[in-house]
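Hi,

Here is the structure I promised to pass on.

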Amino acid sequence: MSSAREKNKRPRSQHRSADVFSELVAHLRKNRGSLQEEWAQRISEARLLTAMSDEEILTETTSIYDNYVDVLETGAVEALQAYARNLSERIIPRGVETHEVIGIVLLLRDVLLRSLLRHFQSRFELLGRMLDAFEPAARRITVTVAVGFVHERERIIHEQQDAIRGLSTPVLPVREGLLILPIVGVIDPQRARQLTGQLLQGIRANRAKVVVIDVTGVPSINSTVANHLVLTVEAARLLGATAIVTGLSPEIAQTLVTLGVDLTKMNTVCDLRGGIEEADHALGFKVTRIDESSNEEKGW
Amino acid sequence: MQVPILKQGPYLIASVQAALKDADLIGLRDALTEQVGTYRSRGVIVDVTALDVLDSFACRTLSDIASMIRLRGAQTVIVGIQPEVAFSMVQLGLKLEGVATALDLEEGLEYMKRRTKRIHHGLYEA
Amino acid sequence: MACTKHEVRVMIKSDEDILAARQEGRDLAVRLGFGSSELAVIATSISELARNLLLYAKNGCIVCWAIESEPKKGIVIQATDEGPGISDVEAVLRDGYSTSGGLGLGLPGVRRMMDEFAIVSHKGRGTTVTTIKWKE
């Protein structure tokens, strides 16, 4: 990064570039107060950072401004990367979005640029050299902050996904020989594999002969997951268990048919209760209510 | 390596101990077919608990075993397929279609008793 | 016996070699820290690829090695041969190509099981199938 900065130092005239930069930085520092205010106002006009309070915005914009000018001065992007990560970690849970972060950095760049134009307009040649120096540095800063934010977001999403997957096994032993696997939410291929693994292990551990896979809580499935469901039913059979799929919404049933999934390979029942009844039947259970009055009929 | 085959009443139980070469699988098929005839067994249980892989050749041979045993008037059930093995098999498209399966030896014997009892009664009903 | 081999290479000339390739490949995967369900998939893939070599090719070889692509770690399983080559790769990769209970090919299944899959084949010159399983 610093070597790129070296390059920036020598666009036109080797000697004067260093001066140009220091004059640029000095100007930005001198006018810190008013430029920050202008920036904060532009942010609010653009309705960005609505998730944050005014004090928070003031604190963060102060830090960003100082970091921005520091990087312009030193070219040390590592410090900025660290700051960007840190900032992102703080604001992502607050609901700040990518477009907002990019937006405010671009607004700052705009504010600083206009300030340079206003102040140095009479010194045209110097202004030109300042812009030559400012533009690439400002661009690098914008990219660093934006990329840092996006990376942090992806990291957090990944962590959340792991946490969801880590929730204890959803395979429920209900009666002797009967397991229920309620599936809730959107299933991606990795989660599908995990669920199948848990189901098969559950069949072995519980010596289940019937498994009811309830997909009532699944809003939609794609062909990969649908085919995976068929494979799961087949794998369960290899372990000696019959699988009954319940809770297929009309939409999902339609999807399955359209995808050419062979529904004859699946035992389907429309709802969970029906599925359990069918399972009981298959297992040879009959569920009857214990009722006082029926004793009469038995002739006691 | 030969797979040990034990006679338990009217059934034969073949317990695979370790990964089998193609020739061993063929050998097992032929031995079972022969012994079902010799002992007039009603059922064959093949226990594959020890196998960590069931590839296309193994599945085809198990399928052949079931077919040939059926021709001899007996039932076959494959038991002990491990969860991970089962999942790999179905992903490869190996479903052992038409071949009975059960969780383990105990379940396999239960299955045999139910199935062969029906057939037995069917034959002797007046 | 401490064995720090990170590559496995087995020529496939008989069905015993299939077992050997499977075992050695699996051992490598164990050393690399793969879990039990991944091991089953890896061993089964090796078995199928090796069987194809036995059935259809000349001078087939299974090679397995560890691979790292920051931050992922995985195992590469490659089957190469100097056999007749596959004239219609598309057809072979179509699901249902192998008749039910059929032997070998099963490439769509291997592709389903493994994370990455690539096949290069030239009629008359041979085939190379390369697959990767990443550690979860």
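Let's start with a helix in chain A. On α5(A), the face turned away from the buried side carries the exposed residues A:Glu78, A:Ala79 and A:Ala82. Buried here means that 20 or more other C-beta atoms lie within 10 Å of the residue's own, exposed means 12 or fewer, and partly exposed is in between, with C-beta atoms placed from the backbone. The buried residues of α5(A) are A:Leu80, A:Tyr83, A:Ala84, A:Leu87, A:Ser88 and A:Ile91. Looking down the axis of α5(A), these buried residues fall within an arc of 135°, so they line one face of the helix (the arc is that of the directions from the helix axis to the C-beta atoms).

Before going on, some housekeeping. This is a predicted model, in which local features need pLDDT of at least 70 and side-chain atom pairs count only at pLDDT 80 or more, while totals for chains, interfaces and linings use all residues. Residues are numbered from 1 along each chain as its sequence is written, and chains are lettered from A and ligands numbered from 1 in the order in which they are written. Helices (H or I, at least four residues) and strands (E, at least two) are DSSP runs, numbered from the N terminus.

Back to α5(A): the helix covers residues 77-91, 15 residues in total, and reaches 21 Å from first C-alpha to last, close to the expected 21 Å (1.5 Å times one less than the number of residues).

Where chains A and B touch, each contributes 13 residues to the contact (two residues are in contact if their C-beta atoms, placed from the backbone, lie within 7 Å). On the chain A side, α8 (189-206) and α9 (223-238) each supply at least two residues. That side of chain A has 5 nonpolar, 4 polar and 4 charged residues; Ala, Val, Leu, Ile, Met, Phe, Trp, Tyr, Cys and Pro count as nonpolar, Asp, Glu, Lys and Arg as charged, and the others, Gly among them, as polar.

Chain B has an open sheet of 5 strands in the order β1-β2-β3-β4-β5, with mixed pairing (strands pair if DSSP finds at least two bridges between them). Its edge strands are β1 (5-8) and β5 (100-102) of chain B, each pairing on one side only. Strands β2 (residues 11-15) and β3 (residues 43-47) of chain B run parallel and are joined by 5 bridges, and B:Ala14 has B:Val46 as its bridge partner in β3(B). Helix α1 (residues 22-39) of chain B packs on the sheet, touching β1, β2 and β3 of chain B, and its direction makes about 160° with that of β2(B). Axes are lines fitted to C-alpha atoms, for helices over the stretch in contact, and angles run from 0 to 180 degrees between N-to-C directions.

Chain C has 4 helices and 5 strands, in the pattern β-α-α-β-β-α-α-β-β along the sequence. Strand β5 (residues 126-134) of chain C has C:Thr127, C:Val129, C:Thr131 and C:Lys133 on its covered face. Strand β3 (residues 72-81) of chain C runs antiparallel to β5(C), with 8 bridges between them. Strand β4 (residues 116-122) of chain C is also antiparallel to β5(C), joined by 7 bridges. In the hairpin of β4(C) and β5(C), C:Gly124 takes a positive phi near 85°.

Cheers
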